[in-house]
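Visitor: I am new to this structure. Please take me through one part of it closely.

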Amino acid sequence: MNETMDLKAKLGVDVFKPGNAAHIKIRPGKERDPRLQKMTMICPAGLYSVSEQGETSLTVDGCLECGTCRLVCGTDVLEWAYPEGGAGVQFRFG
Ligand code: SF4
């Protein structure tokens, strides 16, 4: 591994083990919350997207467990927890 790797390449060497259930969930009725829409630009793993109808969705596969979405959106919008033991991200490059 060299010093010139870009972020995408560095993230590509991480390993993600899926859990039995999503560890982050959008609370029902909060899909149009403007704080969630900001996450499409903020989430470092690019896991948030907004539909043409303006509803935000999330996939947790590839989550870096950084907690940024929890801080930006709050627990009234997101149900947030770390993945169950043995699941989640394993960093390979810092
Ligand atoms: S914890 Fe970090 S990487 Fe995971 S969904 Fe939230 S902002 Fe994205």
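Which residues surround the ligand?

Guide: Start with the ground rules. This is a predicted model, where local features need pLDDT of at least 70, side-chain atom pairs count only at pLDDT 80 or more, and totals for chains, interfaces and linings use all residues. Residues are numbered from 1 along each chain as its sequence is written.

Now the ligand. Around it sit Ile24, Cys43, Pro44, Ala45, Leu47, Cys63, Leu64, Glu65, Cys66, Gly67, Thr68 and Cys69. A residue is near a molecule if its C-beta atom, placed from the backbone, lies within 6 Å of it. This shell has 9 nonpolar residues, 2 polar and 1 charged. Ala, Val, Leu, Ile, Met, Phe, Trp, Tyr, Cys and Pro count as nonpolar, Asp, Glu, Lys and Arg as charged, and the others, Gly among them, as polar.

Some shell names return in the largest nonpolar core. Its 10 residues are Ile24, Ile26, Leu36, Met39, Tyr48, Cys63, Cys69, Cys73, Val77 and Leu78. Such a core is a set of buried Ala, Val, Leu, Ile, Met, Phe, Trp, Tyr and Cys residues joined through C-beta atoms within 7 Å. Buried requires 20 or more other C-beta atoms within 10 Å of a residue's own, again placed from the backbone. Two or more core residues come from each of β2 (24-26), α2 (34-42) and α3 (68-73). Helices (H or I, at least four residues) and strands (E, at least two) are DSSP runs, numbered from the N terminus.

Leu36 touches Ile26, Lys30, Tyr48, Thr56, Cys73 and Val77, leaving out residues up to four places away in sequence. Touching means C-beta atoms, placed from the backbone, within 7 Å.

How values were computed
A residue is buried if 20 or more other C-beta atoms lie within 10 Å of its own, exposed if 12 or fewer, and partly exposed in between; C-beta atoms are placed from the backbone. Two residues are in contact if their C-beta atoms, placed from the backbone, lie within 7 Å.
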